[in-house]
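Here are my notes on the model, point by point. Please read them with the coordinates open.

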Amino acid sequence: MKKILLIGKLNNAVEETNKFLSRYFHVQLCSENTDVLEGMLKIVNPDLVLLSLIDADDIDTSIFVMLNGRYAQIPVLTMGTEEEINPFLPYYENSQFENLLCPAENTAILDAVCAKLGLDRKEIERDAAKERGETADKKRILVVDDNGTVLRTMKAMLEEYYEVAV
């Protein structure tokens with residue numbers, strides 16, 4: 001299963017996107033703090049970075065610089081309005097970055113993610129349905145920690161093999 005690092009402020013748009021995409025991919029949430037993001041990129045090793053620019057008025061351009069530099073091999077899909085992406089337009093000149101204009105339906109987000117990863121949407125949906133049917137066969141485990149980042153990371157690492165509760 002492909003891994004997506006979802007970066008952004010924890011708002012309704014990010015929560016809804018996370019909930020929807022988690023049906024098809026391993027999704028790990030991350031704040032837009034550059035230091036935290038770099039650590040998460042090393043831990044998660046995502047196949048795609050999904051960066052929400054929705055209500056992110058104070059997002060640091062160093063995130064784009066870092067992704068464009070040290071992590072240029074990872075495709076980046078941003079979500080935002082034309083106004084929200086304007087400060088970052090120079091980074092969209094190469095094929096690493098692509099923006100999905102918002103508001104967007106969940107299915108449009110799934111289509112954009114599949115296109116950026118070169119995946120067939122129908123195949124992803126079939127695989128996800130098959131996996132959900134197999135969930136009953138998986139052992140259930142509980143992960144306990146006082147650090148939310150650790151919990152999310154452990155869940156992302158284990159949920160392929162176990163039904164994970166945090």
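**Notes on the predicted model**

1. Cysteines. The sulfur of Cys 102 lies 17 Å from the closest cysteine sulfur, that of Cys 114, which is too far for a bond. A disulfide here is a pair of cysteine sulfur atoms within 2.5 Å. By that rule the count is zero disulfides. Cys 114 is in no disulfide either; its nearest cysteine sulfur, in Cys 102, is 17 Å away. Cys 102 counts as buried because its relative accessibility is 16%, and Cys 114 counts as buried at 2%. The classes are buried under 20% relative accessible area, exposed over 50%, and partly exposed in between, with a 1.4 Å probe and protein chains only.

2. Basis. This is a predicted model: local features need pLDDT of at least 70, side-chain atom pairs count only at pLDDT 80 or more, and totals for chains, interfaces and linings use all residues. Residues are numbered from 1 along each chain as its sequence is written, and side-chain values use heavy atoms, with hydrogens and water left out.

3. Strand β2. Helices (H or I, at least four residues) and strands (E, at least two) are DSSP runs, numbered from the N terminus. Strand β2 spans residues 26-30, and five of its five residues are buried. His 26, Gln 28 and Cys 30 point one way; Val 27 and Leu 29 point the other way. In a regular strand the side chains alternate between the two faces of the sheet.

4. Pairing of β1 and β2. Strands pair if DSSP finds at least two bridges between them. Strand β1 (residues 3-7) pairs with β2 in the parallel sense, over five bridges. Leu 6 has Leu 29 of β2 as its bridge partner. Between β1 and β2 the chain passes through helix α1 (residues 12-21), and this β-α-β crossover is right-handed. Right-handed means that, with the strands pointing away from the viewer, the path from the first strand over the helix to the second runs clockwise.

5. Gln 28. This residue sits in strand β2. Gln 28 is buried, at a relative accessible area of 1%. Its side chain reaches the backbone nitrogen of Thr 153 at 3.3 Å. That is a polar contact: a pair of N or O atoms within 3.5 Å, where within protein one must be able to donate a hydrogen and the other to accept it, and residues adjacent in sequence count only if both atoms are side-chain atoms. Contact in general means heavy atoms within 4.5 Å. Leaving out residues up to four places away in sequence, Gln 28 touches residues including Ile 4, Leu 6, Met 40, Thr 149, Arg 152 and Ala 156.

6. Ile 7. Strand β1 holds Ile 7. Ile 7 is buried, at 0% relative accessibility. Beyond four places in sequence, Ile 7 touches residues including Cys 30, Leu 37, Val 49 and Leu 51.

7. Strand β4. Five of the five residues of β4 (residues 76-80) are buried, so this strand is largely enclosed by the rest of the structure. Val 76, Thr 78 and Gly 80 lie on one side, Leu 77 and Met 79 on the other. Four bridges join β4 to strand β3 (residues 48-52), and the two run parallel. Ser 52 has Met 79 of β4 as its bridge partner. The chain goes from β3 through α3 to β4, again in a right-handed β-α-β crossover. β4 also pairs with β5 in the parallel sense, over five bridges. There, Gly 80 is partnered with Leu 101 of β5.

8. Aromatic rings. How many aromatic pairs does the structure hold? There are seven. Rings of Phe, Tyr and Trp (its six-membered ring) pair if their centres lie within 6.5 Å; planes under 30 degrees apart count as stacked, over 60 as edge-to-face and the rest as tilted. Phe 64 and Phe 88 are stacked, at 4.3 Å centre to centre and 10° between the planes. Phe 64 lies in helix α3 (residues 62-69) and Phe 88 in the loop between α4 (82-85) and β5 (97-101), so the pair ties together parts 24 residues apart in sequence. Both Phe 64 and Phe 88 are buried.

9. A second ring pair. The centres of the Phe 64 and Tyr 91 rings are 5.2 Å apart and their planes stand at 35°, so this pair is tilted. Tyr 91 lies in the loop between α4 and β5, 27 residues from Phe 64. Ring pairs link Phe 64, Phe 88, Tyr 91, Tyr 92 and Phe 97 into a cluster.
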